[in-house]
Amino acid sequence: MVVTDVAAAGAAADPPGGPPGGPSPAGGSHQPPATTRPHTPSHGRLPRGALLLVARKLGGALLVVWGVVTFTFVVARVVAPDPTGLLVPPGATAEARAQVRSSLGLDRSVPRQYLIYLRDLLHGDLGTSFGTGRPVGADLTGRLPATLELAVPALVVGVLLGTALGVLSAVRRGKAADHAIRVVTVAALAMPQFWLGLVLLSLFYVRLGWLPGPIGRLPAGVPPPPGVTGSYVLDALLSGRWQTARQAVLQLVLPCAVLTCGIFAPITRVARSGMVEALRSEYVRTAHAYGFSRTRVHRTHALRNALLPVITMIAGGVAFAFTGAVLVEGVFGWPGIGQYALTAVQQSDFPALQGFVLYAAVVYVALYALVDLAYSLADPRIRS
């Protein structure tokens, strides 16, 4: 919890025996808790407990990633159909099929394939895609700029909008603005994203004709700008191609709007709950009693504590956006990592599917490990 001057003032007003170091209620001298230890200067080095905490979090994250990799491998080999049929003509002979299976390494036993897959992973090799014939790592790297161009603006708008609406809803609790925000939030949570994308396309592309259709990052026939940052909008601006930049922005509007709905709604709910709880707390009432203005109490004291649980939701939103929001990219034909995963599923492309799942697992685990670590370092109660 963030320590504020008002919280300190409230602590100072506690009855005798409450504050640390004061006399005990029984009148004896205060005895420090058994878990209290004298502070030892670290001389610029991390404390041993912090290093152990980091090591434990890192070990847990690696264990989770290994579990996801193993589960995905088993499911891909057991549930998914044999991809050989996609790579040979319908009338191919049994010998031709066997040759293709051998070239893909599918003629070996599943445990042997698994060991080979783990060995290659340790060397940074995600395998070769059956569909593209290229290394999976190169495919993911090539599609990452498209996902970033879609995810970054959606994240910025979603986080700012969700936090602002959550705080406004809590401050106006029980009034018309609160009810309206809650209805919008629940509706955004309830609507499937692919359905929302189809509705927006039907309205703004088919009926009104204001925005372009689901044809990717640029209209057909428009060459991409020279690659500098990987973002078509920024690269077009840097090269002075204003019309291309405008077309790239228009292509972004609808998929960004759909992705933003999946980010702002849960953040709004959590921000509202945290803010309502903070406004009911003792230190906020103390701040009002001290004569602080309503705006200062909300912004300086209540909001800082209410935003702690929001950080967890933001981490989830970041992971959700950077794994491509698979269905959003599929609906709008966006050539990012999400569409790559969809194509891999349709083609039973084991290496590509496993590469995407590994990428998504690493993103989720890394973000939540960082959030968990930040919480543990910031709040000693979690460490205990």
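The structure is a predicted model. Mean pLDDT for the chain is 80. A value of 70 or more is reached by 85% of the residues. Helix H9, spanning residues 232-238, has the highest mean pLDDT, at 92. Helix H1, spanning residues 5-12, has the lowest, at 42. Residues 1-37 remain under 50 in pLDDT. For this stretch the model has 27 contacts beyond four places in sequence.

Two packed helices are described by the angle between their axes and the distance between the axes. Helix H6 covers residues 136-171, and helix H10 covers residues 242-279. Their axes come within 6 Å of each other. The crossing angle is roughly 35 degrees. The crossing of H6 and H10 is right-handed. The contact between H6 and H10 includes 23 nonpolar residues. Seven polar and two charged residues complete the contact.

Rolling a probe the size of a water molecule over the atoms shows where empty space is left. Across the whole structure, the search finds one cavity of 30 Å³ or more. The volume of the largest cavity is about 60 Å³. Its lining includes Pro212, Gly213, Pro214, Ile215 and Gly216. Leu250, Gln251, Leu254 and Pro255 also line the cavity, as do Phe332 and Trp334. By class, eight lining residues are nonpolar and three are polar.

Glutamine 339 lies in helix H14, which spans residues 337-346. Glutamate 329 is ten residues away from glutamine 339 along the chain. The C-alpha atoms of these two residues are 5.5 Å apart.

Conventions: Residues are numbered from 1 along each chain as its sequence is written. This is a predicted model: local features need pLDDT of at least 70, side-chain atom pairs count only at pLDDT 80 or more; totals for chains, interfaces and linings use all residues. Side-chain values use heavy atoms; hydrogens and water are left out. Axes are lines fitted to C-alpha atoms, for helices over the stretch in contact, and angles run from 0 to 180 degrees between N-to-C directions. Helices (H or I, at least four residues) and strands (E, at least two) are DSSP runs, numbered from the N terminus. A crossing is left-handed if the near helix is turned anticlockwise from the far one by less than a right angle, and right-handed if clockwise. Ala, Val, Leu, Ile, Met, Phe, Trp, Tyr, Cys and Pro count as nonpolar, Asp, Glu, Lys and Arg as charged, and the others, Gly among them, as polar. On a 1 Å grid over the protein atoms alone, a cavity is a set of points where a 1.4 Å probe fits but cannot get out, and a pocket is an open set with protein on both sides within 12 Å along at least five of seven lines; lining residues have an atom within 4 Å of a point. Grid points are joined across faces, edges and corners, and a volume is the space filled by probe spheres set on the points. pLDDT is the predictor's confidence in each residue, from 0 to 100. Contact means heavy atoms within 4.5 Å.
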